Structures are given as C-alpha cells and as structure tokens.
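Work through the exercises below with the sequence and the 3D structure at hand. Each task is followed by a solution in steps.

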Amino acid sequence: MKRLAKLTTALLAGALFALPAMSAELRIGLQDDADVLDPAQSRTFVGRIVYTAMCDKLVDVSPDLKIVPQLATEWNWSADGKELTMKIREGVKFHDETPLDAAAVVATIERNMTLPESRRKSELSSVEKVEATGPLEVKFTLKAPDVTLLAQLSDRAGMIVSPTAAKELGANFGSKPACAGPFKFVERVQQDRIVLEKFADYWDKDKVFIDKVTYLPIPDTTVRLANLRSGDLDFIERLAPTDVASVKGDSGLKYDAVVNIGYMALYANIGNGPRADNPFGKDKRLRQAFSLAIDRDALTQIVYEGTAVGGNQPFPPNSPWFNKAIPVPARDVEKAKALIKEAGFDRVPIEMQIPNNPVAQQMMQIVQSMVAEAGFDVSLKSTEFATLLDEQTRGNYQLSRSDWSGRVDPDGNVHQFVTCKGGINDTKYCNPEVDKLLNEARASTDDAIRKEKYDAATAILNDELPVIYLGHQSWIWAYKNSVSGFVPSPDGMIRLQGVKKEG
C-alpha cells in the first residue's frame, strides 16, 4: 500500500508539473462600447484605447507628450518642410503573419486618404503623395508645409494595417482587424466584450506580460467600480470623481489620475441636414445666451469634485495655445435673457442628446437647470455613446454633448471639427476665414505665428459658437493591487507594455 501511495503521489506530481502555467488575463472596464474597429473609420475614445493594444502606429506619444518612435525608428523633414522621410522598423509582422514594410505603410496611408468611409482624410489632407523610397523607407510629399502631420501619425492616421486584410475586407475590415500591435483580435460581441490575445511575434514582445485582454463596456460608473471591487474586473478607466476618496481608502485598489489634453463640449447643429433648420442652429445670439447661462466653475466643482477645470476653447486655460484675450466667461443670466429677447424669443425649446453614463447625465441635468433660468427649455435624450456619435454624423440632432480626448498638437483639437470639410465636423459649420486661419496655422513651423492664427480663429469661434466648450476633465483610473507597471498619460490611453498581473 505504501508503494502504491508513493506511486500515486509521484504520478499526481508529474501531472501537476505537466500543466501549463496560469495565463494572465486583464479585464478592463470601459465607459462606452467602441465603434467600428477600423482605424480608418473609427472615432470613439474607447476605440483608441483598444487600438493602443492592437494597432501600433508610426510614432507614439510619451507621458510627457513628446513624439517618440514606434513602427518608425527615425524621421526627418526637408529644409522646405514639404517632405517627411521615415525609416520603418525591421522585422515587424502583422497579426496575419504578413510582413510590415514600406509598401504596407504606403498602402495604409493611401487607404486612409481614399476609402469612402475614411474619417482620416482631413487629418491627411496636406499629403500630396506617399511613396516607398526603399524596402523600409517611406517619403511623404506635402502640398504645403504641415507641422501637424507627425502628431496625426501618432494616432489613428498612423496605425498601419495589414494590406492583405484591408484588401480582402474593405470597409468591413473592423470585423476581423489585423494590425501590428502587442495583442491580436480574437472576438467581439457588440455591447458586451472585445477580446484580444498576446501576439507571439510582436516586435517588442519582451515588454508584454499579459496573455489575454478583455474590454467590457460598462457605462454606469457605479457598476464599473462595483465590478472592480468584486473581482469581475481588474482595471477601469474614467472612475467617477465622486468615487476617488473611496478608492483611495480601499487597501485592495490603486488609483492614478492626470489632467487631460481634451475637452467637454456641446455641438450645435448648424447645417447638418433638416434638423439644423431651427432658431438655435440659425442664430448665434441664442448659442451665446446658452453659453452665458452656464456656470462652468460650479459644474466642475459639483460634478467633478474639483478634478476638472472650466473652459471655453479647444485648449485648456493652462495650455500655451489658450487665447487669454477670451477668458472663461462668468455666468450672466441677465445678459443671456437680453440676447434671447433680442433674437425675438421668450422661451427657446431645445432637444439635447447626451451619453448614457451617470457623470455626463448629472452634468447635463445641472446645465438643463442653469439654462432654464435664462429661457431655454431643454429636453434630454440619453443614448449609448456610439449611437450618439452616429446620430451626430447623420445630423439627427439639435444639440449634442460629446467629449474629445485631445491631441498633442493644437490642430488636432480644432481643425477637423470646424473646417468646412473637416472629417468630424458634425455641426457642418463652415466659415472660409476660419478655414484660412487654421490651414495657415498648420503650415507654419513658427509657434508664435501659429499662436496668432489660433487666437484669431478662436475669437471667431467664440462669437459664432458652433461648439460650446464646457471644460477639461482629468483621466482617472482605478485597478486591483495585483496589477502593476501601468504608466498614466495625459492622452488617456491604457498602454499595456510593462503591465503585469499577479495571482
């Protein structure tokens, strides 16, 4: 019996040693569901979070907001600023095992510029042509100098996709995306989950310690935090400011925060289809009155517990690009009433669509109450965020709350939203003078000249108000003690290189 017991023990031990090591899965709670998983077509912030794991870019952004190498190892500008030459990293593979070379970069950029459904066209509008000048060298030739191009290539416009997959799937690329990031696509269930797994042939695989990452859209901040505490999630983005103190006092959780480079805003339908034909869309005095009826400081204190700052421009007040000649306005209900009366109205009905997350809903309920005192009767229409953006694109809205995560270069916070042919100009606002100023700002490498152009453009935009800016929030993350190595960044991305999960 003793010999049998020993033999059984030995066999069990052998079986245990034969088992594979436990794989590390990271479950991340997102505030919204991503839209289409095609870098050429997408526009959501959470989509960019997924891409950070799935789709490497030509260049990336460091936590101190510097442009750093990723798929491109080095680059240089010609003396006249009209040619950008990039060296492409050697030995990189796409998730479908095809090689990433200069030809693949050219194919992706041309796809971004020509695909009918592409939202990257305005971001790359300065590019005359892109060509492979060697197996691992690419040259961008520009129509005019465009200092913003590198910043564009640090985001979706610079995410290189497999030409094989892009050709096969076309506009349906998002159904089975193949990029060159640390994690490859496994499955997606709309409104439920996006699953990625570690890509064994990733060029920088030594920095990847997670085997599988699952993104779960949970719009309710309270539910998101409850899932983190229960262990159903390991990591959440956009923790509600009201929960910060609770998380800081929880010994099982960690917390990180950083002020972002984007903004919170309201978009007025100026000329996007039949629904633009209403007084609020046609008369800037009503939009000015609406803006004046809002107490931005009170909003950021009540809703964001002081973690956000009020704003009235595409750039936060602490940005070097902020126009100090147009300070954030104090609330002025009497002036708002006078403007409404001047426009020929007593009460002004408005339907405002808002995202279905509790923080945004609380904020817009307060705005609804504030502007009612001036003469606006606002009805709130709550919807899932990807649907909200779709409605904005179609022009099926009157006033819409949508936030922008921000870009390193100021151009990325304004040009595509308000220029006549801007890729995400959902308001369909169009002013040739604004176009001229913003295009000239793109063309200059002199920051002083660029500042003059942005100042002049923001002065016009502040008067016409196609976009009513509300403020600038912080990115706030919470995660389990078992997670380590996360580095917060002002762009709000969750970079998984270096991140580990124990247990």
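Helices (H or I, at least four residues) and strands (E, at least two) are DSSP runs, numbered from the N terminus.

The model is predicted: local features need pLDDT of at least 70, side-chain atom pairs count only at pLDDT 80 or more, and totals for chains, interfaces and linings use all residues. Residues are numbered from 1 along each chain as its sequence is written, and side-chain values use heavy atoms, with hydrogens and water left out.

**Exercise 1.** Find which cysteine is joined to cysteine 55, and state what parts the pair ties together.

*Solution.* 
Step 1. The partner of cysteine 55 is cysteine 179, with an S to S distance of 2.1 Å. This meets the criterion for a disulfide, a pair of cysteine sulfur atoms within 2.5 Å.
Step 2. Cysteine 55 lies in the loop between α2 (45–54) and β2 (59–61), and cysteine 179 in the loop between α5 (163–169) and β8 (183–189), so the link ties together parts that are 124 residues apart in sequence.
Step 3. The angle about the S-S bond is 55°, and the link of cysteine 55 and cysteine 179 is right-handed.

**Exercise 2.** Are cysteine 55 and cysteine 179 buried or exposed?

*Solution.* 
Step 1. Buried means under 20% relative accessible area, exposed over 50%, partly exposed in between (1.4 Å probe, protein chains only).
Step 2. Cysteine 55 has 2% and is buried; cysteine 179 has 0% and is buried.

**Exercise 3.** Describe the disulfide of cysteine 420 and cysteine 430.

*Solution.* 
Step 1. Their S to S distance is 1.9 Å, and with 90° about the S-S bond the link is right-handed.
Step 2. Cysteine 420 is partly exposed at 24%, as is cysteine 430 at 46%.
Step 3. The structure holds two disulfides, and in sequence order the bonded cysteines pair 1-2, 3-4.

**Exercise 4.** How do strands β4 and β5 run, and how many bridges join them?

*Solution.* 
Step 1. β4 (residues 72–77) and β5 (residues 83–88) run antiparallel, joined by five bridges; strands pair if DSSP finds at least two bridges between them.
Step 2. Alanine 72 has isoleucine 88 in β5 as its bridge partner.
Step 3. The two strands form a hairpin with five residues between them, and glycine 81 in the turn has a positive phi of about 70°.
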